[in-house]
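Please keep the sequence and the structure in view while reading.

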Amino acid sequence: MNKNIIIIISLVISMGLTAQEIKYFSVDQAVAYAMENNYQIINAKKDVDAAGYQVKESTSIGLPQIDASIGYNNNIARPVMILPPEFTQPGQSNEVQFGTKYDANLGASVSQLIFSGEYIVGLQAAKKYLDKTNTDFFKNKVEVKQLVSNSYYQVLSARRALKILDSTLIVNRNQLLETKERYNVGFAEDLDVDQFELIVSGLEADVLNLSNQLVYFNAYLKFYLALDNTDSIVLTDNLEDLIEVRHNAGLLANPFNVNQNIEYTSLDKARQLSWLLVKREKSTYLPKLSASLYYQTQAQREEWNFFNSGKWYSSSALGVTMNIPVFSSGQRRSKVKQAQIEYDQYGINQKQLASSLNLQYDAAKNEYMNAYRVYLNKQKNRKTAERIYNVTTQKYEEGLAGSLDILNTHTQFLNAESDYINSALTLLKTGEDLVKILAKEE
């Protein structure tokens, strides 16, 4: 019995361990994973599929349409008509029932659109809509790439900062213990103990706060990757390597062409769709030509024996119809004018977007250049502050520096480290802003 319980407990534990999947990601791997699993990307791909079926639907309108019908009636109460006197003999009833007890019919019809201006333009619009949907799909990819990359950088920088705080906390806890021992034997003052307790207390609060933030950052990264919150992720890149790769990618050497910007391309295709709407409204002035072929066979019976005896009576017809618009009291003209105004508005919006994108590019380029200069400065300051802190710590251990010196240099070191990590994060994010505005449709 006890052995069975142990086996069951072992199975439960092993199942719990296998349920938590560990995934390893570089930033490129994270982006590639998001391109396949992100909810926004999946929905955008569904839009492309739906647009493809819309093209097929529009195409099928101009292809032959075949319909069939089957009808059956049990005439429970057949209609009665009153015949005029000249059709009856004196003394005879003038009430006559028409029809039979049962009747059935089978029919089929074929129709074919021969010419329709609305159909031609509608098919063009459906294809253009598919083209625009593909562009919007790529735009969604660009947006998700930026979200995933920035979230990756945020987690990476938070983990880096937490690692620094943890290691610094360990060092200062050891310093606090050593200072207490020295105080107990009379080689340190109570002020020195207070200073280190203040440092340790502050670090513990910072570690707790940053740990909570890291949980939040991790949750967002998992959300963008469409991962379960129970999954564990390991980030394999580091800040310095990412910055080096980004800076050597030649972002600033790439010329900016507003016509290739994905936002501008999407709006331009929306404007082309608007022009097709103008053409569609104009096409309503044209006649519409269609042909149809109809065949029906019908039987009438007093008894239900449709397939045993009796005749079936056939009828068929071939027809051509032309619908000619003549006068709509200005309705068609008003619709054309409305479509034309909407098209003109797209032109205005396009010019406005072009101007805005040029400003955004200049701003993104300048922000990236400034962020890189700040990063180099903070990197130098970090190394200097770390060296000063290490030297001061060594002097304190040798009795050549006081606890106040340790507190000041420690605060200076943590501030420099925080500034360095924030500058690295800012540099990577401004790089993503520049990449996004330079993105060209594939």
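Lysine 23 belongs to strand β1, which covers residues 22–25. In this predicted model, lysine 23 has a relative accessible area of 16%, and it counts as buried because that value is under 20%. The C-alpha atoms of lysine 23 and glycine 250 lie 31 Å apart in space, while 227 residues separate the two in sequence.

**Helix α8 and what follows it**
- Helix α8 contains 67 residues.
- From the first C-alpha of α8 to its last, the span is 93 Å, which is close to the 99 Å expected at 1.5 Å a residue.
- After α8 comes glycine 399, which has a positive phi near 80°.

- Alanine 226 is not a glycine, yet its phi is positive, at about 60°.
- The position of alanine 226 is in the loop between α5 (190–225) and β6 (232–235).
- Serine 329 is likewise not a glycine and has a positive phi of about 60°.
- Serine 329 is located in the loop between β8 (313–323) and α8.
- Serine 329 counts as exposed because its relative accessibility of 62% is over the 50% cut-off.

Notes
Residues numbered from 1 in each chain as written. Predicted model: local features only at pLDDT ≥ 70, side-chain atom pairs only at ≥ 80, totals over all residues. Heavy atoms only, no water. Helix = DSSP H or I, 4+ residues; strand = E, 2+ residues; numbered from the N terminus. Buried < 20%, exposed > 50% of the residue type's maximum accessible area, 1.4 Å probe, protein only. Expected span 1.5 Å × (residues − 1).
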